[in-house]
Amino acid sequence: MAHLLMVESWVGSMGRLLPRAIREAGHEFTFLTRDLHHYLRSAPEGTAHPLLAARHVLTTNTNDTDALLPFVERTHDVLRFDGVITSCDYYLRTAAQISGRLGLPGPTPEAVENACRKDSTRRVLAETGLPGPRFAVCADWAEAAAAAHDIGYPLVLKPVDLCAGMFVRRADDEAALAHAYRALAAFPVNARGQRRDPVVLLEELLEGPEVSIETVSHGGAVHVIGVTDKSVGGAPAFVETGHMFPAVLDPADTEAAEETARRALKALGLDQVVAHTEIKLTADGPRLVEVNPRPAGNRITELVRHVTGIDLAAACVDVALGRAPDLRRRATGLTSAAIGFLVPDQDGVLETVDGADTVRAADGLLELQLADPGKAVKAAGSNNEYLGHVMAGDAQGPAARTRVETLLAQLRPRVVTR
């Protein structure tokens with residue numbers, strides 16, 4: 001039995017999957033957080049959050065690395081950790097710093113930093129010759145306006161250090177760019193109380209289908225688990241509306257996307273990680289969108305598990321402990337699995353979701369999750385505003401997406417303005 005230190009977590013899917021994976025492997029964990037109430041608030045009524053199944057729950061300022069590292073060293077002397085883990089993007093570098101400080105397995109802090117910072121990712125990959133969009137890193141509006149003129153419209157504005165598609169916007173002209181720039185500038189601190197870097201990243205707009213490559217890196221080798229397709233809506237935002245695993249692609253496109261992901265991970269120096277690399281399949285070949293040095297969100301790990309039997313949450317635990325993960329494929333009875341998200345297009349309060357009982361009784365349904373009545377609703381500008389999801393599988397071929405779209409169309413949220 002091993003003992004892991006979990007430094008913060010998401011409160012959603014992976015915040016539940018990681019504790020389960022640790023428990024099913026016969027291990028235990030200590031949970032370290034700066035704000036326990038952040039997790040208590042997210043627990044379903046009448047239940048405890050899975051993170052509270054920890055052997056110990058410790059509270060300290062996880063945003064102050066200089067004070068945190070000595071604290072963790074002292075704690076390690078008493079509790080003895082075998083690995084460090086997190087699922088929250090904002091603490092991936094912190095976890096890497098802790099594992100390095102304690103001499104435990106894990107990716108290097110520099111590699112994680114370069115992957116998590118979108119501007120650093122672009123610089124590193126450009127230096128290694130991996131094809132990508134034209135881009136510019138801008139410290140103020142004057143630089144952004146000048147860079148946009150050089151790159152040309154349409155383009156994409158991105159924060160360098162946020163996640164879930166927050167404030168990522170398409171801009172077709174200077175007016176749209178100025179609006180996106182002002183909105184981002186008005187959000188100086190992220191959801192975990194960390195001050196953002198105010199620089200912005202401008203990129204040439206990449207045209208083409210988007211996919212993600214799910215990988216596990218261990219012992220210097222990158223193991224490709226498969227390719228997931230992605231549906232995106234919400235323009236000028238980029239809101240993920242659904243996924244299917246495996247993606248239905250020409251074999252040459254699949255091979256090229258997988259090779260691009262391998263090259264990016266190698267260039268960044270990422271090892272001992274489960275990664276989720278997003279790529280656009282353009283007319284000029286695969287172009288990298290971003291590299292996430294953690295398991296995929298939006299229940300993609302569960303799509304993979306339903307089709308292949310491979311548990312990427314369990315693999316994340318294994319590599320954090322320096323152990324070879326079990327990546328053997330198993331027959332599951334499904335050849336494809338898909339998820340579709342209920343994306344709100346107006347502000348208000350959720351009264352109910354009509355059609356839920358019909359969908360709940362449908363063949364092939366794997367999951368139905370809906371927000372509770374009374375939830376405050378905001379028109380989606382990122383992947384944080386969903387009202388629920390439908391997941392379904394198919395045993396005969398790549399029909400899971402069609403099944404999900406059919407079921408999703410039967411759900412009709414009633415949102416009222418108050």
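Two strands count as paired when DSSP finds at least two bridges between them. The model discussed here is predicted.

**Sheet**

In this model, three strands form an open sheet in the order S17-S15-S19, and their pairing is antiparallel. Strand S17 (376–377) and strand S19 (412–416) are the edge strands, each pairing on one side only. Strand S15, which spans residues 348–354, is joined to S19 by five bridges in the antiparallel sense. Within this pairing, Val353 has Pro413 of S19 as its bridge partner.

**Cysteines**

The number of disulfides in the model is zero. A disulfide requires two cysteine sulfur atoms within 2.5 Å. Cys116 does not meet this condition, because its sulfur lies 9.2 Å from the closest cysteine sulfur, that of Cys163. Cys163 is likewise in no disulfide, and the cysteine sulfur nearest to its own belongs to Cys88.

**Second largest pocket**

The volume of the second largest pocket is about 170 Å³. Its lining includes the residues Leu205, Leu206, Glu207 and Gly208, as well as Val232 and Gly233. Ala235, Pro236, Ala237 and Phe238 also line the second largest pocket, together with Arg170 and Lys280. By residue class, this lining comprises seven nonpolar, two polar and three charged residues.

Definitions and conventions:
Residues are numbered from 1 along each chain as its sequence is written. This is a predicted model: local features need pLDDT of at least 70, side-chain atom pairs count only at pLDDT 80 or more; totals for chains, interfaces and linings use all residues. Side-chain values use heavy atoms; hydrogens and water are left out. Helices (H or I, at least four residues) and strands (E, at least two) are DSSP runs, numbered from the N terminus. On a 1 Å grid over the protein atoms alone, a cavity is a set of points where a 1.4 Å probe fits but cannot get out, and a pocket is an open set with protein on both sides within 12 Å along at least five of seven lines; lining residues have an atom within 4 Å of a point. Grid points are joined across faces, edges and corners, and a volume is the space filled by probe spheres set on the points. Ala, Val, Leu, Ile, Met, Phe, Trp, Tyr, Cys and Pro count as nonpolar, Asp, Glu, Lys and Arg as charged, and the others, Gly among them, as polar.
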